[in-house]
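Welcome! Here is a short tour for anyone meeting this structure for the first time. Take a look at the sequence and the model, then follow the points below.

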Amino acid sequence: MRIIRGKYGRRRFDVPRNITARPTTDFARENIFNVIENLIDLDGAAALDLFAGTGAVSFEFASRGCRLVTSVEKAATQYRFIDQVKQQLQAEEVQPVRGDVFKFIETCRLQYDIIFADPPYDLPRLPEVPRLVLSSAMIKPGTIFIMEHSRNNDFSGLPYFEQHRAYGSVNFSIFRIPEIL
């Protein structure tokens with residue numbers, strides 16, 4: 001895993017072989033972060049990474065100046081890896097949470113400036129994720145929500161949909177909550 005830019009930029013970490021996550025490719029991550037930085041100033045922002053996997057997106061958020069990055073991951077191996085990298089970087093802004101994303105969405109009351117979700121493409125409940133996030137208490141005026149998915153999904157009909165980006169086989173649907181609701 002490589003952190004692309006920012007204060008932790010160019011750092012590499014060996015991902016354990018037993019991690020089953022499908023990490024966002026460096027190419028797709030670099031491109032979507034270029035888009036993100038044109039949408040929102042990450043310096044001092046609160047970010048949420050759902051289905052965090054290896055934590056690559058979380059550490060990219062932290063590296064680019066987010067004051068808080070919550071990383072939600074259910075799998076023990078991935079959670080431990082995120083925590084290990086956090087310790088190595090001394091990245092206190094990264095807060096790993098081991099738990100079920102759906103329960104987290106339902107119970108979280110903290111509001112975020114940016115939310116990123118990268119569920120497994122074969123997750124049966126994947127189509128529910130955008131609706132659940134967009135109707136949750138985690139959303140506030142101005143929140144940006146990015147959903148990574150395969151080309152088999154189309155979320156353009158949902159409220160607050162702003163744009164779709166594709167980088168190879170990796171697709172992103174971007175939602176923006178208006179500043180005035």
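Let's start with helix H2, whose buried residues pack against H1, strand E1 (46–50), strand E2 (68–73), H3, strand E3 (94–98) and E4. Please keep in mind as you read that this is a predicted model.

- The buried residues in question are Ala56, Val57, Ser58, Phe59, Glu60, Phe61, Ala62 and Ser63.
- After H2 comes Gly65, which has a positive phi, near 105 degrees.

- Buried in H1 you will find Ala28, Arg29, Ile32, Phe33, Val35, Ile36 and Leu39.
- Viewed down the axis of H1, these buried residues fall within an arc of 160 degrees, so they line one face of the helix.
- An α-helix has 3.6 residues a turn, so residues three or four places apart point the same way.
- Phe27 and Asn38 are exposed residues carried on the face of H1 that is turned away from its buried side.
- The packing partners of the buried H1 residues are H2, E4, E5, strand E6 (161–167) and E7.

**The nonpolar cores**

- In the largest nonpolar core there are 37 residues, and Ile36, Phe61, Ile114 and Ile146 have the most contacts inside it.
- At least two residues of this core come from each of helix H1 (26–39), helix H2 (56–63), helix H3 (76–89), strand E4 (114–117), strand E5 (144–149) and strand E7 (170–176).
- H1 gives the largest share of this core, six residues.
- Another core, of 25 residues, lies apart from this one, and Leu48, Val72, Tyr112 and Ile177 are among its members.
- Setting aside neighbours within four places in sequence, Phe61 is in contact with Phe33, Ile36, Leu42, Ala47, Cys66, Val69, Ile114 and Phe116.

**The cysteines**

- How many disulfides are there? The count comes to zero.
- Cys66 is in no disulfide, and the nearest cysteine sulfur, that of Cys108, is 15 Å away.
- With 3% relative accessibility, Cys66 counts as buried.
- Cys108 is likewise in no disulfide, its nearest cysteine sulfur being that of Cys66, 15 Å away.
- Cys108 also counts as buried, at 8% relative accessibility.

Note on methods
Residues numbered from 1 in each chain as written. Predicted model: local features only at pLDDT ≥ 70, side-chain atom pairs only at ≥ 80, totals over all residues. Heavy atoms only, no water. Core = buried A, V, L, I, M, F, W, Y, C linked by side-chain atoms within 4.5 Å. Buried < 20%, exposed > 50% of the residue type's maximum accessible area, 1.4 Å probe, protein only. Helix = DSSP H or I, 4+ residues; strand = E, 2+ residues; numbered from the N terminus. Contact = heavy atoms within 4.5 Å. Disulfide = S-S within 2.5 Å. Arc of directions from axis to C-beta.
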